[in-house]
Each structure stands twice: as structure tokens, then as C-alpha cells.
Amino acid sequence: MTNIEVNNLFLYNYKTMIIKEIKAKTILSASKVYDWTINPYVGCQHACSYCYARFMRRFAKHREPWGTFVDVKINAADLLGREITRKNPGKIWVSGVCDPYQPLEAEYKITRQCLEILAQNKWPVIIQTRSPLVLRDIDILKEMQALEVGLSITTAEEDIRKLFEPSAPPIMERIKALDELHQAGLKTYAMIAPMLPGADGLAELLKGKIDYLIIDRMNYHYADWIYRKYGLEDKLTDRFFHLTRNKLENICK
Ligand code: SF4
């Protein structure tokens with residue numbers, strides 16, 4: 001097991017990260033959103049200011065701020081190979097409380113190894129990421145029988161993205177990734193959650209690149225200080241949410 005600090009190693013993450021390789025006890029977890037979820041990592045380098053998954057610090061006994069540590073489940077594929085034979089098949093969410101394509105995945109390929117097992121066993125999969133790194137695995141994704149692959153995109157404005165998710169990939173890289181996945185014949189979706197200021201511009205950017213859209217508003221208040229600091233409080237209102245949702249809902253029609 002290694003415990004290393006990495007500075008400026010990854011394309012999108014410029015913070016000092018505490019990275020630890022761990023052996024997980026289990027990998028297939030029951031989910032309230034879909035049937036199952038797999039999280040190849042504990043923690044997330046994208047470090048979004050509003051991230052709801054920061055509650056994982058408590059379970060993983062991490063005291064560091066969210067977005068500054070990642071535990072890599074190096075035995076995830078071995079566990080999955082065993083657990084998948086013992087559990088009832090169902091839709092698997094990759095992932096619920098981390099980004100399966102955060103920068104470390106380029107090196108560790110844990111998500112890729114898990115997808116290979118899911119493809120071999122023909123389980124339905126729904127991928128959710130903020131990273132174009134998902135394109136690396138398009139060969140496996142094309143083999144899957146029931147796959148939905150989505151990019152989370154919260155605003156069309158790069159300046160807003162930098163305020164709320166400075167360590168996540170740029171908006172246009174995500175849009176291009178969706179386009180490429182869609183062109184490859186895969187079922188694609190965009191998740192606009194949370195709906196940040198400037199989200200209405202996504203109506204134009206997403207057209208023709210997705211099969212469906214998931215929209216949600218900011219239910220977590222970790223990033224309220226950013227709204228206050230930049231005078232964006234009107235973008236937290238019901239009015240903003242309903243007006244923006246009305247503009248976005250026609251994308252797939
Ligand atoms: S990419 Fe997802 S899991 Fe990672 S910090 Fe952002 S919201 Fe949280």
C-alpha cells in the first residue's frame with residue numbers, strides 16, 4: 001500500500017492531493033437511485049464546491065477537506081468479479097459518490113476494469129461523469145448491451161464553471177465528449193445538476209448530442225458563499241430555476 005502526495009500531476013487538478021491505495025471490502029452497493037452503484041474511488045479530485053458526496057469523509061474517516069484526498073480501490077475489479085456472480089442483476093450507477101473518470105483514472109484504470117466485467121456479464125450500466133476521459137473506454141462502451149452514458153454539465157459559461165468547479169474539465173470538452181459518444185451510437189444524456197447560473201445556454205450547446213436530459217436544482221448549500229460573494233443570489237431562486245428549466249426542456253423534442 002502506498003501513501004503519496006502528488007503535485008500538479010494531472011491535467012485538471014492543481015492542488016496537492018493525498019492519494020492512497022486501499023483494499024476495499026466490497027464494491028457493489030445497493031443504491032436508492034438505481035439498483036446498484038460502484039465507486040472505484042473514495043474522494044474526488046474534481047472537488048466541486050457544491051458536492052453532496054463530501055459526506056463520504058465521515059464514512060472514510062478522512063479529516064482532510066473534500067477534494068484533497070482520494071483512496072484508490074485497487075482491488076475493485078477483483079471484488080466485482082466475485083460479487084457479480086452472487087447478486088441479482090440490475091442497473092449499475094457508475095458512480096454515485098465520486099467521478100469514475102477523475103484524473104487518477106487515467107493512471108489506475110479501475111473504472112475501465114470494472115466496465116469490462118460488467119460488459120462480460122451483460123449488466124445494464126449508467127455512467128455519470130464530468131470528464132472527457134470517458135472517451136478512452138468507448139471500445140468497451142460499444143460492446144455493452146444496455147448502456148447510458150452521461151456528462152454532468154451545470155452551466156454553459158466557462159467563467160461560472162471556474163467559480164464553482166475550478167478543478168473539473170472545461171464545459172466545451174464535456175460537450176464535445178457527449179457529441180462523440182452520441183455519434184458513436186451510444187445512448188447519451190446530460191445531467192444539469194445543480195443548475196448553475198448560465199445553464200440556459202446549454203439548450204443550444206446540447207442540441208443533437210443527447211437522448212435525454214436530467215435537470216435538478218441546487219439542493220445542497222455548500223456553495224452558497226460563492227453566490228453571495230459574486231452577487232448571484234437571484235440564481236438561487238425558484239423563479240430562476242423554473243425559467244431556466246422551461247428553456248432547457250425542449251432540447252430533446
Ligand atoms: S465530480 Fe461529482 S463527485 Fe466529484 S466533486 Fe464534483 S460533484 Fe462531487
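Mentor: Two strands pair if DSSP finds at least two bridges between them. Strands (E, at least two residues) and helices (H or I, at least four) are DSSP runs, numbered from the N terminus. This is a predicted model: local features need pLDDT of at least 70, side-chain atom pairs count only at pLDDT 80 or more, and totals for chains, interfaces and linings use all residues. Residues are numbered from 1 along each chain as its sequence is written.

Trainee: In what sense do S8 and S9 pair, and over how many bridges?

Mentor: Strands of a sheet pair through backbone hydrogen bonds, either parallel or antiparallel. Strand S8 (residues 125-129) pairs with S9 in the parallel sense, over five bridges. Threonine 129 is the residue opposite leucine 151 in S9.

Trainee: Why is S9 largely enclosed?

Mentor: A residue is buried if 20 or more other C-beta atoms, placed from the backbone, lie within 10 Å of its own; it is exposed if 12 or fewer do, and partly exposed in between. Strand S9 (residues 147-152) has five of its six residues buried, so the rest of the structure largely encloses it.

Trainee: In what order do the seven strands of the open sheet stand?

Mentor: The order is S3-S4-S7-S8-S9-S10-S11, with mixed pairing. At the edges are strand S3 (29-30) and strand S11 (212-215), each pairing on one side only.
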